[in-house]
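Trainee: Could we go through this model together? I'd like to start with the overall layout and then look at some details.

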Amino acid sequence: MSFSMNNGYDLWLNYTIISDEALLKTYQNHFQSIYLNDGGETIEVIKKELKMGLGGLLDMEVQFKPYDVSENQLIVSNYGNLPDSFKNSVDVSGITGEGYIIKTIKKGKQSYTVVTATEDIGLLYGTFHVLRTLKMHQSLDGLHIEESPKVDLRMLNHWDNLDRTIERGYAGFSIWNWQTLPDYIDQRYIDYARANASIGINGTALTNVNANALILTPQYLEKVKALADVFRPYGIKVYLTARFSAPMEIGGLQTADPLDSQVIQWWKDKAAEIYKSIPDFGGFLVKANSEGQPGPQNYGRTHLDGANLLADAVAPFKGKVIWRAFVYSEHDAEDRAKQAYSEFVPDDGKYHDNVLIQVKNGPIDFQPREPFHPMFGAMPNTPLVMEFQITKEYLGFATHLVYLPKLFEEVLQSDTYQKGEGSTVAKVVDGSLYNKKLTAMAGVSNIGNDANWTGHPFAQADWYGFGRLAWNPYMDSEQIADEWLRCTFNNNNNFLEPVKKLMLESREAVVNYMNPLGLHHIFDTGHHYGPGPWVGNLSRPEWNPVYYHKADEAGVGFDRTETGSDALSQYAPEFKEKFGNLETCPEEYLLWFHHLPWDYKLKSGRTLWDGLGIKYQQGVDQVREMITIWEDMKPYVDEYRHNQVSMLLGIQLKEAKWWRDACMLYFQTFSKMDFPEEMESPEHTLEYYKSLKFPYAPGIRPRWD
Ligand code: GCW
């Protein structure tokens, strides 16, 4: 088998010829020609994709013909335009507008692969499914697939700034070239839309939630329109972040008070202006009164006032307001993990119909492991958006191989117990727990202008997996890894099995070498690169890692039971009981909920101190194992990507040891105990680790003041 050099730009959509010759012949025979119904721009992009996809995969000239009774055909047609003889064989009553059916239908000697839907976008999704089927070397015989997304809004959130830096971006600069827009349409914009459509993403917020009001000026809106025009045929709506003080900054008003009549009018006019040029504009995404962003509280108003103000402005155009719940205040001494719940839950049901509240997966901040956010399940009358972070701010940037769908799956499968056992977070997100009408999932993008889009070749799997889980939050992360590997690399089992294992274990590895046993937020401050458990001198208490681990001579961990912050009381009673009780609290969450003595006995019989060291060591060993597996994969991967991943794994190992050594040396100053014998000796002194400084670590918030 030979592999050409591959820089990864084509993602999971690389359409190189099917390597298995027998299979290639079978597929070619299945698609002697294609019947595609006429239609608008989405049909045009389907045509292009089929030409490129089938042309490449099957190495043939793709023939578009009318329905033909003498040829095996791929039929891609709206149900309405389907040749009558097929209509009786498919039933579209069970699929939604974005859904599709793929069915192989035999007629006489001929075999037809029929893709049908009620809307063109469903046909595009179905087309990508067919292409994936080929890429995965699956049979076309007897196919009968019915798919509809389980979540309505499946969005990427870009934290991209207008100067093209990306907050928490580790894959280069922003792909949005604001300088050359609207006139220059980079091919990347089109390929971005293709990639997203292929995994069902249907919305993108282009700009950072730490927002710049300039994006709402005519000069920039013209550029946004150009992108919206590119994305529209692919079913992707554009959203923008709205800076709450925009009426003052670009509107010349004296206030941004949400109850001020001029402010109300300003937002109404702004919305009308946007919808005039972008009629399908998705709406606004807002971070308010959080980490220095302006918001309604600056005027003594509430999040409710702010969200409803913007919601009313976009409501006439069917726009949405997605209001983020990531808030914690420097004036609030309450456990940070509790603050969002306290601010939002009391207003459940009072938000206007087109408001969605976007909640991070955990109550602190995208840590390697967090319990799910207590707001999930606690606001039965408000649409809640699940916010995942695809970019790896706290999981090793784009240098560590950490397969995030495993983390996403863990969160989605967590039980909130809000309506008894089995009330999973997935059921909150897809609306089934409370019969919600509007549902959404958002992922903070890891995309930049690096050749392969995401920096680490395996970080593409996080983007892919996010899309698949947004489409169906019940999907299995192993299946997603299997799909992604087959589409991105190859179908060889000697490759698939070990690499799948590597991916699936990578998430636990990062937890082990960074934040084992429920530790969290002990990252060096600001850039969040590497360990900084000793940091304790920042002005706001909750900006300091010492706030989160609370290590002292008596022990370590954050007591969130009744004797501590009682954050547990924000969860359902069953959850509180299970996690509050040391007998039943899963050890992965031990130090998240409990402050325990260093000699506390773990289930293994070892002390907490030993257990910590063993976990850190295990994390390092797991990376070593990943390296061994990857080295064996040389025969199956092109040299370019193999080498890239090898080098990155080398960095990962170095940094895993750094985490182990720095954290254990630091905690030892409190525990005063020897390292467990399973643990390798630290490579440097604590002073050395403390002295490391990274003023230019990537992804830090830029300043535009
Ligand atoms: O995780 C923190 C990040 C900030 C980010 C913030 C948020 C966009 O460190 O960079 O700001 O969360 O989600 O708003």
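This is a predicted model: local features need pLDDT of at least 70, side-chain atom pairs count only at pLDDT 80 or more; totals for chains, interfaces and linings use all residues.

Trainee: OK, which domains does the assignment give?

Mentor: The assignment gives domain 1 (11–147), domain 2 (153–488) and domain 3 (512–558 + 595–691), with bounds that come from an automatic or database domain assignment.

Trainee: And how far apart are the C-alpha centres of domain 1 and domain 3?

Mentor: Those two centres lie 49 Å apart.

Trainee: Now the helices: at what angle do α14 and α15 pack?

Mentor: Helix α14 (residues 477–488) and helix α15 (residues 493–514) pack at about 135°, with their axes 10 Å apart; helices here are DSSP runs (H or I, at least four residues) and strands are too (E, at least two), numbered from the N terminus. The axes are lines fitted to C-alpha atoms, for helices over the stretch in contact, and angles run from 0 to 180 degrees between N-to-C directions. That makes α14 oblique to α15, where under 35 degrees counts as roughly parallel, over 145 as roughly antiparallel, 65 to 115 as roughly perpendicular and the rest as oblique.

Trainee: Which residues of α14 meet α15?

Mentor: On the α14 side they are Ser477, Glu478, Ala481, Asp482, Trp484, Leu485 and Arg486, and they meet Asn493, Phe495, Leu496, Val499, Lys500, Met503 and Leu504 in α15, contact meaning heavy atoms within 4.5 Å.

Trainee: Switching topic, is Glu49 buried or exposed?

Mentor: Glu49, which sits in helix α2 (residues 41–57), is buried, with a relative accessible area of 2%; buried means under 20%, exposed over 50% and partly exposed in between (1.4 Å probe, protein chains only). Leaving aside neighbours within four places in sequence, Glu49 is in contact with Tyr15, Leu54, Phe128, Leu131 and Arg194.

Trainee: What about the backbone: where is Arg168, and what is its phi?

Mentor: Arg168 lies in the loop between β6 and α5, and its phi is near 60°, a positive value in a residue other than glycine. Arg168 is also buried, at a relative accessible area of 6%.

Trainee: And which residues does the cis peptide bond join?

Mentor: The cis bond joins Leu181 and Pro182, with omega about 5°, and Pro182 is placed in the loop between β6 (153–157) and α5 (187–198).

Definitions and conventions:
Residues are numbered from 1 along each chain as its sequence is written. Side-chain values use heavy atoms; hydrogens and water are left out.
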